[in-house]
Amino acid sequence: MQNSIVRLVEASKAFATPEGGSVTALDRIDLDVRRNEFLTLLGPSGCGKTTLLQAISGFVELDGGSILIDSEDMTDRPPYRRPVNTVFQNYALFPHMTVGENVAYSLEVAGVAKPARREKVASALKMVGLEGMEGRKPRQLSGGQQQRVALARAIIARPKLLLLDEPLSALDKNLRQAMQIELKTLQNELGISFIFVTHDQQEALTMSDRVAVLSGGRIQQLDTPRAIYDHPVNTFVATFIGASNLFEGTLDGDRLMTSDGMAIRHQPCERKISTKATALIRPEQFFLAEDNAPFPTIEVDLDQIVFVGSTFELFGRTAEGRKVVAEVPANRRSLVGAIEQSRKARLAYDPSAVHLIGERGGA
Amino acid sequence: MSIASRRRFQLGLLLGPVSAFLAVFFLGPLAIMVVTSFLAPGLYGGVEWTFYPDNFGRILGFADPMFEEFDPIYIAIFLRSVEIAALTVLATLVVCYPAAFCIARLSERWKNFCLFLITLPFFTSLIVRLFVWVLILRQTGLVNEVLLSSGLIERPLDLIYTKGAIILGMTYVFIPFMFMPVYASVEKLDWTLVRASLDLGAGPVRTFWRIILPLTAPGIAGGAVIVFIPALGNFVVPAVLGGAKVMMFGNLIEQQFLAARNWPFGAALAMMVMSVMLVMMIAQVVLSGRRGRAAALAR
């Protein structure tokens, strides 16, 4: 299939622990990365995302399975013979070389002549907004600038694939958000696939064409950011991405009955295989109900009302003692003022916005 | 007192004892040596207080034939000493550099154990350790005995009292001096840079020359200087393992002071060694100073 640039087939890796046991970092992972795609590997630390990245770049040798890049078997190729470049977490710029020498390194290694090299370095630096910085040493640059040099160095040889290992984690928040957008733009311009590793779900949602959520060495879900957010396949994905209210119970027609007696309405759907399920309601799906609104509601006692700028976050508790979090737009100040007085709220929701998670992961 | 001047006062207080000690017991004798090297030798040892440049003339070739005779042997011995010291630097580096990489990758506990092992020789007398080499290398020594009894050779090899024996002994003595600075820079090496190089398409050999070697070069330079300088002036190793056959500059100086009792000439010879060392040290300071300034600029 020509549409895939990277293909992993049953890729497995286990690491020995100092205590003599072993930890599974990759558990028979199958993955297809499409051409010209921005794919994010998202997961908590220790989920195997960095191992997966290093297996593609060649720094981790697989115990089993294979890796194909552009239909070529790369499983046993050393890193320096793979058409892949990496942007490292701490940038890994060569401190004894200038910015220009750093960026030119892969061309120099490949034996590109000096004048051509100089030209390409200039255009790569221009691409990341660092024109004329060739002569500086990495130490003379700010963190954000070093990040850009690392980026220029990794893209100058036009690899078939660019790997980014939490490259933004050391930057401050504003710079990080600016870089997120720039990275996405750059990826479009270059027309090569990016595989981006992060533990920051916001980052994953912002930039990616598709997100792979990893946990325990397995891909839990691989889909577009919206699909992952709206239709998580299991409770791990639901809780890892965004805030969530989960209600476990048994299905009964268009209702889900929890063990403590709550009824959550949902849209009836055809695939009713299991009677046990979990209902997911995102905080922003709640709204403050007017008295005669034709929507089901959940009554809560409010513990806290937090103003976060564009929204209010309401932390409440149902009569059964279940914690519920809701997010309401801050432009509805009068309503919020009223519930601030009473410390009670009726949280309404649209049954069509309730997502059901089946017992065995199937949605 | 301002904070800055109090700081300076405290610093002076801390540096005072060592400065005083070095002034009295290093700079003083050094000054005496410099003066002595320009004085005439006394008939029965000691010096005569007249300006007498012929000590240097005897070594460098501008001696007044009335008093002293130029002999190229001194320059020859000096060059041989430089050669032996340089080869010692090379040999210690070849031994220590790979070892430093191995030890740097061990766990903390094994690391400390290995570092302890490397300093262990200091606990034994240098002379004793060198005489062990005599026992190993001499005509009836361990190596020859083994080779003879195994039938590989028919007559014992000349191992001791050769240049090779001196280099071997010097390497043995100076390994810890090379190891420490080399290890310090190897341990600091950031391995993600090595990964980055491999990732950018450079193979292991090129990665070594372009990344690993330049980044560990300060340690190699430091080790080279602190091995080369004492190796150049060393007289114990050549005395024990070189015998009368292979002489180094250090033996020559010792001979002039103790046997020939020509103090001014001995002092002049010592000045020659000192000037070479001084040039080397200045070069090192200038080079590392340039690096330091670049670092300061970056901050």
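Reader: How many residues of helix H1 (residues 49-57) of chain A are buried, and how should I read that word?

Author: A residue is buried if 20 or more other C-beta atoms, placed from the backbone, lie within 10 Å of its own, exposed if 12 or fewer do, and partly exposed in between. In helix H1 of chain A, nine of the nine residues are buried, so the helix is largely enclosed by the rest of the structure. The buried residues run from Lys49(A), Thr50(A), Thr51(A), Leu52(A) and Leu53(A) to Gln54(A), Ala55(A), Ile56(A) and Ser57(A). After H1(A) comes Gly58(A), which has a positive phi near 105°. Helices (H or I, at least four residues) and strands (E, at least two) are DSSP runs, numbered from the N terminus.

Reader: What should I keep in mind about the model and its numbering?

Author: This is a predicted model, in which local features need pLDDT of at least 70 and side-chain atom pairs count only at pLDDT 80 or more, while totals for chains, interfaces and linings use all residues. Residues are numbered from 1 along each chain as its sequence is written, and chains are lettered from A and ligands numbered from 1 in the order in which they are written.

Reader: How many helices and strands does chain A have, and what share of its residues is buried?

Author: Chain A has nine helices and 20 strands, and its C-alpha trace spans about 75 × 45 × 45 Å along the principal axes. Of the 363 residues in chain A, 38% are buried. Two residues are in contact if their C-beta atoms, placed from the backbone, lie within 7 Å; among the contacts in chain A with a separation of 6 or more, 64% join residues 24 or more positions apart.

Reader: In which order do the five strands of the open sheet in chain A lie?

Author: Strands of a sheet pair through backbone hydrogen bonds, either parallel or antiparallel. Two strands count as paired if DSSP finds at least two bridges between them. In chain A the order is E13-E12-E11-E14-E20, with antiparallel pairing. Strand E13 (263-265) and strand E20 (355-358) of chain A are the edge strands, each pairing on one side only, and the twist from one strand to the next averages 40°. Strand E14 (residues 276-281) of chain A is joined to E20(A) by four bridges, and Ala277(A) has Gly358(A) in E20(A) as its bridge partner.

Reader: Which residues take a positive phi in the hairpins that involve strand E17 of chain A?

Author: Strand E16 (residues 297-307) and strand E17 (residues 311-318) of chain A run antiparallel and are joined by seven bridges, with Phe312(A) in E17(A) as the bridge partner of Phe307(A). Three residues lie between these strands, and Gly309(A) in this hairpin takes a positive phi near 100°. Seven bridges also join E17(A) to the antiparallel strand E18 (residues 323-329) of chain A, where Arg317(A) stands opposite Lys323(A) in E18(A). The hairpin of E17(A) and E18(A) has four residues between the strands, and Gly321(A) in the turn has a positive phi of about 90°.

Reader: Turning to chain B, at what angle do helices H3 and H9 pack?

Author: Axes are lines fitted to C-alpha atoms, for helices over the stretch in contact, and angles run from 0 to 180 degrees between N-to-C directions. Angles under 35 degrees count as roughly parallel, over 145 as roughly antiparallel, 65 to 115 as roughly perpendicular and the rest as oblique. Helix H3 (residues 73-104) and helix H9 (residues 204-233) of chain B pack at about 140°, with their axes 9 Å apart, and H3(B) and H9(B) are therefore oblique to each other. Residues of H3(B) in this contact include Val82(B), Ala85(B) and Val89(B), and those of H9(B) include Ile220(B), Ala224(B) and Phe228(B). By class, the contact of H3(B) with H9(B) has eleven nonpolar, four polar and no charged residues, where Ala, Val, Leu, Ile, Met, Phe, Trp, Tyr, Cys and Pro count as nonpolar, Asp, Glu, Lys and Arg as charged, and the others, Gly among them, as polar.

Reader: How do helix H8 of chain B and H9(B) run relative to each other?

Author: The axes of helix H8 (residues 191-199) of chain B and H9(B) come within 10 Å and cross at roughly 160°, which makes H8(B) roughly antiparallel to H9(B). Their contact involves Leu193(B), Val194(B), Ser197(B) and Leu198(B) of H8(B), together with Thr207(B), Arg210(B), Ile211(B), Ile212(B) and Leu215(B) of H9(B).

Reader: Is Met170(B) buried or exposed?

Author: Met170(B), which lies in helix H7 (residues 163-188) of chain B, is buried, with 26 other C-beta atoms within 10 Å. Apart from its neighbours within four places in sequence, Met170(B) is in contact with Ile84(B), Thr88(B), Ala231(B), Asn234(B) and Val237(B).
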